[in-house]
Every structure is written in C-alpha cells, then in structure tokens.
Amino acid sequence: MLGAVASLYGCGLLRLTGVIASAPWLASALAGALFAGLVMAAMVLRARGQTPAATTARLEELQSRIRPHFLFNTLNSAIALVREEPAKAETMLEDLAELFRQALTVPGESGTLADEIALAERYLAIEQVRFGDRLRIRWDLDAAASDARLPPLLLQPLVENAIKHGVEPSPEGGKLRIRTERRGGMVVIEVVNSLPPLRWADEPLPRGHGIALDNVRERLRLLHDMQMQFSAGMDQKNYRVRIAIPAES
C-alpha cells in the first residue's frame, strides 16, 4: 500500500509540474505496489536466512555463561560436604559425577523438561546431603508436561537461586517446591522457595542482581519468542518464578 501511495504521489508531482501530459494513475500504483512487494519479500527471505544462525549463537553464548558458574558452585558444595561429613562423600560424589556428565554434554538448541528435571534432581540430591533437614523439597510433576522444549541448563539456575537466597541464609532452613503442569497447549513450570526471616539479621539480606533470571528470560525468548511467559517476584512469604511455554514445538 505504501508503495502504491508513493508512486501515485510521484506521478501527481510530475503531472503538476508539466513533465508529463497525462498521468497514468493505475499503472503507477501497480508499479509502486509491485516494487514494494519485491523489496519486502527480499527482506523477509534475508531475515529468515540469518535468524536461525544468530539465535543459535546467542543461545550458546548465554548457556556458556551459566555452565562454569553452575559447576563451580556445585563443586564448592561438594568440597565443603567432604570436609564436614566424609561418610557421605561416596554418595555425593556419584551424584556429582552424573551431574557433571549431563551438564557437560554437547549442547543443542533445546532439551526436554524431563531432562531438566533429572538434572535438577541430581543437583538437589547433593544439596540435600549438604543441608539435611534444613532443605525441604516438594515435587509436583505432571507427566504430560515432560516433552516441552527448554534451552539446556535452564531449570538448574532457578533451583540454585532458590537454595542460595531462600534456604542457605536461614538458620531454620527453608522450603523449595518445583511444580509442572500441562494446561491445554501450554506447560507451566514454577519454582517457589520460602524466604528467610530477617529478625536475626543486622542488615537486610542481599537479594542478588537478577543476572540468572535475566539469562533464563532471554534464552526462553530466543527459543519460544512471543509464545513464552516469564514472571518472578515476591508472593506473600515466598519467592516464585513462573514460566509458561508451548507444550509442543
């Protein structure tokens, strides 16, 4: 439409200035529309050719930021546990070896929610030995949601954040709930952790910089674009991260 309007405007100017005796209005409009259509088609094809490669590169870049941080923190937890409770070291090291094997697998653009749950279970098994009764975990998993596609290592940083900010700072420990549910064509994933009391703290507890949350949000956007939903924030006495993604990709 803009191409046709521009052509009609140019034709009108030529007619008013006397360059042409009669204005070919219809031919001008059709020619302008055709030219604009060709330009738009070329731009769309160019974008489609570049977007997959650019998206894959960006996903791999964001994931590469998560992996070293995740492995470093997990290894530190393991070292602390070995020093304090050597009797539990063997079980912990078996979980740690399996965790590293999964985390160091050559990444693809996406994996399944079932894969992410399995990785989170390994990580929480280590943290459960470390925190004991202070860490209380509840799983509410919907088998129908297992095939939803997620970027690799997406759930783990959310779980790690919940441990770091919800359980570790509290002398009484805390609760962690991981819930998945399929609702029609969408899958909902929630990671909810209790918040530590501040009555024993001289100063407010640090809440972090949101880097992990920003990373998760951007990777979801690159994989699912406008089809995904992401929210994170306080919910009464808990902190809740909620993700909604297509059930099938």
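A: What follows describes that core and its setting in the chain.

This is a predicted model, in which local features need pLDDT of at least 70, side-chain atom pairs count only at pLDDT 80 or more, and totals for chains, interfaces and linings use all residues. Residues are numbered from 1 along each chain as its sequence is written, and side-chain values use heavy atoms, with hydrogens and water left out.

The mean pLDDT (the predictor's confidence in each residue, from 0 to 100) is 78 for the protein chain, and 79% of its residues reach 70 or more. Helices (DSSP runs of H or I, at least four residues) and strands (runs of E, at least two) are numbered from the N terminus; the chain has six helices and seven strands. Of its 249 residues, 37% count as buried, that is, under 20% relative accessible area.

A nonpolar core is a set of buried Ala, Val, Leu, Ile, Met, Phe, Trp, Tyr and Cys residues joined through side-chain atoms within 4.5 Å. The largest one holds 39 residues, and Leu-176, Leu-220, Ile-243 and Ile-245 touch the most other members. Elements that each supply at least two residues include H2, helix H3 (89-103), strand E4 (174-183), helix H6 (211-224) and strand E7 (238-246). Helix H4 gives the largest share, eight residues.

Beyond its neighbours within four places in sequence, Leu-220 is in contact (heavy atoms within 4.5 Å) with Leu-150, Pro-151, Leu-154, Asp-225, Met-228, Phe-230, Ile-243 and Ile-245. In soluble globular proteins, nonpolar side chains tend to be buried together.

How values were computed
Buried < 20%, exposed > 50% of the residue type's maximum accessible area, 1.4 Å probe, protein only.
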